Amino acid sequence: MKPVQQVGIVGYGAYIPRYRIAATEIGRVWTGNNGGVPVDAKSVPGPDEDTITMSVEAGRNALVRAGIAASALSAVWIGSESHPYAVKPSGTVVAEALGTSPFISAADYEFACKAGTEAFTASIGLVGSGMATYALAIGADTAQGRPGDALEYTAAAGAAALLVGPGAEALATVEATLSYVSDTPDFFRRADRPYPVHGSRFTGEPAYFSQIRSAASALMQELGSTPADYTYAVFHQPNTRFPQMAAKQLGFTPQQIATGLLAPKIGNTYSAAALLGLCAVLDVAQPGETIFVTSYGSGAGSDAFVLRVTDAISTRRQLAPLTSAYLARESFVDYAVYAKWRGKLVM
Amino acid sequence: MDLAKHWRLRGPRYRLEGQRHVETGEVRFPPEPDAGASWEQYDLQGAGTLYSYTVVHQTPDGYAQPYLLGMVALAEGPLVTAQITDCELAELQIGTPVEMVTRKLRDLGEDGLIVYGYKFRPRLG
C-alpha cells in the first residue's frame, strides 16, 4: 500500500518509565531462578503512570521534533491494550494535554501488540489522502502478566509517538506499507479479566513467526527488494529471541536488528515495542538509510513498513530526549515494590 | 464525584494553562476565572528550577506515602507547588532544574475518575 501523496514521519517521540525489575528478581520469587530468563530486565511504570501519561510525554516529544504546534494536528490516535478506562477514550485526555484543537479525530485502537502500528497505518492514510496535514499515532502500554506466568518476565511499559505529515517535511518518508492478519488465537484476554491467557508454544510458529514472515516477505516482494537492501530492521520484540529468529528466517543479519532491539533491557512494551525500536533507529540513522519495520499483534497480524531517512533527521532528532536517555535512567525495584505498584496485591 | 470540578481544571492541570497580561507580559498561574480582556490564555512551558522542597510523610488518603513536594520557580515567573516524581530525595537540591510532566494525581476508585495533572521531575538528560 502506498498513499496518493508522499507522507513521512515529521516527528517522533519515545517514552520509557524510569523503573526496571530484573528478570532474575521475578525468577527469584517464582522459580528460584531454576532456568533461563527471556530478557535481562523489563520497564515498570511508576505508580503515577499509565498509558495516557506515557502517551502525553511521547506525543510532546514528537511535536517538539516536528516543530509544529499541537493545534496543527488533525488526529490523535492511540493504540494500546491497556487503556486506563474500559469506556472513555485515552485520545481525548492526551489531545487535551497536548493542547490540540477540539476539531480533531481522537480514537483508541486495540490490536494487542500492534495497535500502535495500526494507528500509524491509519495516519498514513489520512495524511496521504489529503484529508489532513498532520496526524499523531501513538503506541503505548502498561502490560500485565499473571504473577509467576512466563509473560510476567517480559510484560513491560513504554510509549512511542509518530507524527505523520507531508513527505517534504519528513525525517523519514514512508515508502510503502502492508498489513497481514489472520484469526489466530495465540493470546487473548476476556473482558473484565485482569491477566491475559496465552497458548505457550502456540504463540510462536503459527502466530508470531507466521504473521511477521507473511507481512515482511510480501512487502519485500511487492517492492522487488531483499533484506540486504535495508540498513536497519525492527521487529516486534516480545522477548530477546523471537525477533532474532524472525530476522534470521527472513534473511536479515544480527547487525541490521541490533540498534532497534530494546527488549533485552526493557522487555516487551507491547503496542510501543516495534515503534520504540524504530525511535532508537531514528536516533542514530543517517540520511538516505532505509528502515524495515514489522510489528506483530496477537490474534493475530503484522504491519510492515519501509522508511527512508531524510536530511532533516540530523538537526531535528536532538530537539527532544533520545531513546537512549530514557534507557539510561534505569532505577531497579524489587518484586515487593513492583507488586504493590502494579496492583498485584489483592486486599 | 466532583466531575465538573476536575473537568474545569483540566487545562491548568494537564498543560499548565495560565494567563498572560496583554500589555505588561506578566504571566500568572494558576489562571483566574473571569480575568477580563487584559489577560489572555497562555500555556507555560513547564521548565523551571526547584525553589524549595520537602517530604510529606502524613499524606492525605489516596496519595503515595511519603511523597516529595516542591516549590518550582517556572521560567516565566510563577512559583508553583507540586509533587516531584521520578526521583529520590537525595537527587534533589535547591536550584535543581526540573520539568513538568503530566501524571496521575489521584485514582478515585473503581467507579471514579482517574485525575491527571502536573508534577515535576529533575530535567531529563
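## Polar contacts and salt bridges

Across the interface of chain B and chain A, 16 residue pairs, both members at pLDDT 80 or more, are in polar contact, meaning a pair of N or O atoms within 3.5 Å, of which, within protein, one must be able to donate a hydrogen and the other to accept it, residues adjacent in sequence counting only if both atoms are side-chain atoms. The side of chain B that touches chain A draws two or more residues from each of α2 (10-15), β7 (97-107) and β8 (114-122) of chain B, helices (H or I, at least four residues) and strands (E, at least two) being DSSP runs numbered from the N terminus. The largest share, five residues, comes from β7(B).

Nine salt bridges are found across this interface, each a side-chain nitrogen of Lys or Arg within 4 Å of a carboxyl oxygen of Asp or Glu. One of them joins the side chains of B:K119 and A:D48 at 2.9 Å, N to O.

## Extent of the interface

The contact (heavy atoms within 4.5 Å) takes 21 residues from chain B and 23 residues from chain A. The area buried between the two chains, that is, the accessible area (1.4 Å probe) lost on putting them together, summed over both, is about 1800 Å², with carbon and sulfur atoms giving 49%. B:D86, B:Y116 and B:L124 supply 30% of the area that chain B buries against chain A, more than any other three residues.

## Basis of the model

This is a predicted model, in which local features need pLDDT of at least 70 and side-chain atom pairs count only at pLDDT 80 or more, whereas totals for chains, interfaces and linings use all residues. Residues are numbered from 1 along each chain as its sequence is written, chains are lettered from A and ligands numbered from 1 in the order in which they are written, and side-chain values use heavy atoms, with hydrogens and water left out.
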